[in-house]
Amino acid sequence: MATETLTLGKALNTGLRRALENDPKVVIMGEDVGKLGGVFRITDGLQKDFGDQRVIDTPLAESGIIGTAVGLAIRGFRPVCEIQFDGFVYPAYDQIVSQVAKMHYRSQGKVRIPMVIRIPFGGGIGAVEHHSESPEAYFAHTAGLKVVSCANPQDAYVMIQQAIASDDPIVFLEPKRRYWEKGPVDLEAPIADAYPLHSARVARSGTDATVLAYGPMVRTALDAATAAAEDGRELEVIDLRTLSPLDLTAAYESVRRTGRCVVVHEAPGNLGLGSEIAARITEECFYSLESPVLRVTGFDTPYPAARVEEEYLPDLDRVLDAVDRTFGW
Amino acid sequence: MAKGDPGAATRSKRAAPRTRRAAATGEPELVQLLTPEGERIESALGPDGTEYRVDFTDEEYRGLYRDLVLVRKLDAEATALQRQGELGLWASLLGQEAAQVGSGRALRTQDMAFPTYREHGVLYCRGIDPIMPLGLFRGVDQGGWDPNEFKFNMYTIVIGAQTLHATGYAMGVAMDGKTGGEDGEAVIAYFGDGATSQGDVNESFVWASVFNAPLVFFCQNNQYAISEPLERQTRVPLYRRAGGFGFPGVRVDGNDVLASYAVTRHALDNARNGQGPSLIEAYTYRMGAHTTSDDPTRYRIASEVEAWQAKDPIARMKAFLTKQKIADESFFTEVDEQARTESVHLRERVLAMPDPQPVTMFDHVYPNGSPELDEQRARFTQYMESFEGSAH
């Protein structure tokens, strides 16, 4: 097994390179994705090796990126669009929600839009406003889109290739503050045999409470589990990976064992993914629950100024606090 | 209607005899080859000196007339069907037949069209059964056709969104190496005067320009965006917007099927030859309501409509055919009869359209499906079945 240690960002870069190699119809497009290699360097070196017809620096207009990608998809291409930051996706919102998401439905299956919309999302990097948002609920709420998020380099490498190979339009959320975290990546295992894209996975087994997280919060949840273990409490951490459709099979099984569940995300709590997840777990695991499903989320404020983002973002202590509350019910 | 290349245009700075130079007459700056009175103008110059002319055979002239009449009659039938409750809505093209037939017939087989929701005439000229979009307006589907099969995309209701799709598709044509010759592919994007205010349309201008996309922007300026007149969208003639984006623009008499054909054929051929995008502003008038839900008497006066009535695209073509003895009364009667027969046929088929089964609302949400949706469908099916045998 050819395992290499890569950062999450480099794993994405390597996955994109593989996708470009494997299918001549794959094109990458976005602002600064060419020569610069993207502001986070996720597309570093790709234009140099694949040319400016495959890795396209676009004009600076997000609706234009997604709208032209729709046309390219109708033509038979597989566009991989980069939105530079979460807070800049909104000009493209109409194209994503009204066009990308509905084309297959409206055409009764005759038009496929095999598009991947990559969005670096979430906070924790000390950025100015509009650079730290978590817009996943907007997309997960939209029928016709699928939404996934990777949390570690191995998944980043595999999931980006799976998303590109899928004929579904997929919003691919990248945990930008984890871009620099390193982990082992198996570069040789065939993607066809990989763990399915739209499946959650247990990231750490435990018996006392279940913590559900995705994207940047998986690391936070795992750190919380490590800390809890020192206090003699074993948390099971599930990396949801797919936000639409949700895959809660493992979560149901886990909560039926533990009787306690905490959902963690950076996005505001009100009508966030956690609300839907809590409702479903309550429906499916009602008689097993020892306490209500609790949510640890960002607050219902705009994303705050960077100097207070640490207090805004769920962290290890807030996760453990919620776990404690499930025991005190 | 097979055509050779009767719309060949040449660039010429020198005005030929009987050549009308756009803007030289004090009239709106538009290319015209057939006056409202049915007089033929041999050629007309565009703002950049391009000379436009057509050289149709008598059979082709008659064919264009037939298209215009058929398209108007089918449109009227659809309006009637809406009034009788058989369609939920209809967006009539009344008054815009020449712009649509002219541009539609200018397309070559390999060209791709991106319509709004009013391009019934273009659809007809693509050889598509006019029943195709009526499912959308009856409410039994949302389009449901394959753009690549018909080289005609699904109707787009969100104003201007399709111009970006057309631009991306045209970029793809260039990336596929399908430009640069007679057999090259070109793309046409339809939109209206209101759409020119949309960000998407302006973004598509930028994209098409910088990527030199083989694309013709075909703006039917029908003077109104529902109730809002052109002056609410622009302070300059729309075709001049093109200059700011770096490609040519031309205004054509959109009620003149010959000129509409000539400028569109020229622009498409430029695009397919690798010369990039251009903008055509087809200056016309929406004679009817925006849609059947609209009441234009609230925002425009009858005399304005009457003035445009005098520029009717079909009347001028009929006058021309009559004067030139290209067609006689028996031809006109035969065309009217064909239009009547086809509209009756259309009506019968609309009335026979079945409502979809409710459970089909779950179909085709995703190419690869979704377990969540499968579960919802199963529950819904079970719920519906619980009524079976009951009085409800």
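Predicted model: local features only at pLDDT ≥ 70, side-chain atom pairs only at ≥ 80, totals over all residues.
**Exercise 1. At what angle do helix 1 and helix 7 of chain A pack, and how far apart are their axes?**

Residues are numbered from 1 along each chain as its sequence is written, and chains are lettered from A and ligands numbered from 1 in the order in which they are written.

*Step 1: the elements.* Helix 1 of chain A covers residues 8–22 and helix 7 of chain A covers residues 153–165. Helices (H or I, at least four residues) and strands (E, at least two) are DSSP runs, numbered from the N terminus.

*Step 2: the geometry.* Two packed helices are described by the angle between their axes and the distance between the axes. Here the angle is about 30° and the axes are 8 Å apart. The axes are lines fitted to C-alpha atoms, for helices over the stretch in contact, and angles run from 0 to 180 degrees between N-to-C directions.

*Step 3: the class.* Helix 1 and helix 7 of chain A are therefore roughly parallel to each other. The cut-offs are under 35 degrees for roughly parallel, over 145 for roughly antiparallel, 65 to 115 for roughly perpendicular, and oblique for the rest.

*Step 4: Contact means C-beta atoms, placed from the backbone, within 7 Å. By class, the contact of helix 1 with helix 7 of chain A has 10 nonpolar, 3 polar and 1 charged residues (nonpolar: Ala, Val, Leu, Ile, Met, Phe, Trp, Tyr, Cys and Pro; charged: Asp, Glu, Lys and Arg; polar: the others, Gly among them).

**Exercise 2. Is Tyr157(A) buried or exposed?**

*Step 1.* Locate Tyr157(A): the residue lies in helix 7 of chain A.

*Step 2.* Tyr157(A) has 28 C-beta neighbours inside 10 Å, so the residue counts as buried. The rule asks for 20 or more other C-beta atoms within 10 Å for buried, 12 or fewer for exposed, and partly exposed in between, with C-beta atoms placed from the backbone.

*Step 3.* Leaving out residues up to four places away in sequence, Tyr157(A) touches Ala11(A), Thr14(A), Gly15(A) and Val185(A). Tyr157(A) and Gly9(A) are 148 residues apart in sequence, with their C-alpha atoms 9.0 Å apart in space.

**Exercise 3. How do helix 8 and helix 12 of chain A pack?**

*Step 1.* Helix 8 (residues 217–230) and helix 12 (residues 316–327) of chain A make an angle of about 60°, with axes 9 Å apart.

*Step 2.* Helix 8 and helix 12 of chain A are therefore oblique to each other, and their crossing is right-handed.

*Step 3.* Among the residues of helix 8 of chain A that meet helix 12 are Ala221(A), Ala224(A) and Ala228(A); from helix 12, Leu316(A) and Val323(A) are among those taking part. The contact of helix 8 with helix 12 of chain A holds 8 nonpolar, 1 polar and 1 charged residues.

**Exercise 4. At what angle do helix 1 and helix 12 of chain B cross?**

*Step 1.* Helix 1 (residues 58–83) and helix 12 (residues 329–351) of chain B cross at roughly 35°, and their axes come within 9 Å. The crossing of these chain B helices is right-handed.

*Step 2.* Helix 1 of chain B contributes residues including Arg62(B), Tyr65(B) and Leu70(B), while helix 12 of chain B contributes residues including Phe331(B), Glu342(B) and Leu346(B). The contact of helix 1 with helix 12 of chain B divides into 10 nonpolar, 2 polar and 7 charged residues.

**Exercise 5. Which element of chain A gives the most residues to the side that touches chain B?**

*Step 1.* In the interface, 35 residues of chain A are in contact with 33 residues of chain B.

*Step 2.* Helix 3 (62–75), helix 4 (93–100) and helix 5 (103–106) of chain A are the elements giving two or more residues to this side. Helix 3 of chain A gives the most, with 10 residues.

*Step 3.* This side of chain A has 12 nonpolar, 15 polar and 8 charged residues.

Terms used: Contact = placed C-beta atoms within 7 Å. Left-handed = near helix turned anticlockwise from the far one by under 90°.
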